[in-house]
Amino acid sequence: MGRGLRAGTSHRLRLPAAATAMPLFIEGRRVQLPQSVREIVRAHPPLEERARLLRGQSVQLVGPKGLLYVQQRELAVTSPKDGSISILGSDDATTCHIVVLRHTGNGATCMTHCDGSDTKTEVPLIMNSLKSLSNHTQNGRLEVHLVGGFNDDRQLSQKLTNQLLNEFDRQEDDIHLMTFCVTELNDREENENHFPVVCGIAINIKTAEIFRATFPERGPEEELRSARSLTGGPMINIYDAKTEQLHIGPYFWRPFPRVDFWLQQDDKQLLENLSTSPLAEPPHFVPHIRSTLMFLKKYPFPGNSLFPGNRALLYKKNEGGLWEKISSPGS
């Protein structure tokens, strides 16, 4: 899902040259940037084959048991040692990209849902979050999987693909690109309109299997988390793998501009103005945006009304594998 007020911009189709050559690898070989998506897969056919296999999968419906769902501009990191979380998942990526970074030595895994708002800051955050859970003295390597985007008219997907490649290539660690199902490799055409094929994925933390997925439950606190993203909140880490707790907030935002005006608009206006890719959005996009706007109207300043005592809302999985609210520290 790409959310936010539209602004007409033009974007390069190729990567700007990196200021410092740092190591992104494919099949054991350094990636020479700038390159287009097509040039990269032409040089590395296994990438295109893996994208084809992912596109060809049937979509699995993943229930809430053992699931940690990652919304737009959120990241979560855990490992096979986690007794609560077995699946990380995210969906509704149209122009957005879902990024999975994994250390093969200890299985530490990070998933994030990037929308291109601040990729230069987000990639180091992804790296540092994973490193905080990884012991780099052991055997293994860092592997990255990029999924999402399509041939959208405004070339936002292409821009984000390029940004992610460029920023991962700038990191000081060797990173191996394993899955590259992005932009034109994730595109289908119907009646001269373009749509993404894969919009959601999950990863099994224990087996490292990545598969197409959709999620009927996206909690806890789905509207609250969506409100933070829609009001321009930056990428944040929402999960503490050591305590196996989900941390929500405290968040701060200003009243959403012209919220009453937007709530008066019909579905077509909301879709055309609050999506980066109106034709490609799922059927629940407009109801979801409308409910988020209503939430923002109700809570123009989150403060004490949502976060009593200015403390985070804490959730932990119960014995049935479902999220359960626990007391905030000091409450």
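Which is Gln 245, buried or exposed, and what is its relative accessible area?

Analyst: Gln 245 is buried, with a relative accessible area of 17%; buried means under 20%, exposed over 50% and partly exposed in between, using a 1.4 Å probe and protein chains only. Before going on: this is a predicted model, so local features need pLDDT of at least 70 and side-chain atom pairs count only at pLDDT 80 or more, while totals for chains, interfaces and linings use all residues. Residues are numbered from 1 along each chain as its sequence is written, and side-chain values use heavy atoms, with hydrogens and water left out.

On confidence, the protein's mean pLDDT (the predictor's confidence in each residue, from 0 to 100) is 90, and 91% of its residues reach 70 or more. Residues 4-21 are another matter: pLDDT is below 50 there, and the stretch has 38 contacts in the model beyond near neighbours in sequence.

Back to your spot. Gln 245 sits in strand β17, where strands (E, at least two residues) and helices (H or I, at least four) are DSSP runs, numbered from the N terminus. Leaving aside neighbours within four places in sequence, Gln 245 is in contact (heavy atoms within 4.5 Å) with Ile 238, Tyr 239, Asp 240, Leu 314, Tyr 315, Lys 316 and Ile 326. Asp 240 is the residue standing opposite Gln 245 in the strand pairing. Two bridges join β16 to β17 (residues 245-248), and these strands run antiparallel; two strands count as paired if DSSP finds at least two bridges between them.

Zooming out, β17 belongs to an open, antiparallel sheet of four strands in the order β16-β17-β18-β19. Its edges are β16 (239-240) and β19 (323-326), each pairing on one side only.

Now the nonpolar packing. A nonpolar core here is a set of buried Ala, Val, Leu, Ile, Met, Phe, Trp, Tyr and Cys residues joined through side-chain atoms within 4.5 Å. The largest one has 78 residues, and Leu 68, Leu 146, Phe 168 and Phe 180 have the most contacts inside it. Helix α8 gives the most to this core, six residues. Another core lies apart from it, with eight residues, among them Ile 87, Ala 202, Ala 213 and Phe 215.

Leu 68 brings us back to your neighbourhood: residues up to four places away aside, its partners include Ile 238, Tyr 239, Leu 246 and Trp 323.

All five residues of β5 (residues 74-78) are buried. Glu 74, Ala 76 and Thr 78 point one way, while Leu 75 and Val 77 point the other. Two bridges join β5 to β15 (residues 236-237), running parallel, with Glu 74 opposite Ile 236. Four bridges join β5 to β8 (residues 109-114), running antiparallel; there, Val 77 stands opposite Cys 110.

As for charges, a search of the whole structure finds 17 salt bridges, meaning a side-chain nitrogen of Lys or Arg within 4 Å of a carboxyl oxygen of Asp or Glu. One of them pairs Arg 290 with Asp 267 at 2.9 Å, N to O. That pair links distant parts of the chain: Arg 290 is in helix α8 (residues 285-298) and Asp 267 in helix α7 (residues 267-274), 23 residues apart. Arg 290 is buried at 19%, whereas Asp 267 is partly exposed at 44%.

Asp 266 lies in the loop between α6 (259-264) and α7 and is partly exposed at 46%. A polar atom of the Asp 266 side chain lies 2.9 Å from the backbone nitrogen of Gln 269.

Another salt bridge joins Glu 143 and Arg 141 at 2.9 Å; Glu 143 is buried at 14%, but Arg 141 is partly exposed at 33%. Finally, Arg 38, Glu 48 and Glu 184 are linked in a network of salt bridges.

Notes. Polar contact = N/O pair within 3.5 Å; in protein donor to acceptor, adjacent residues only side chain to side chain.
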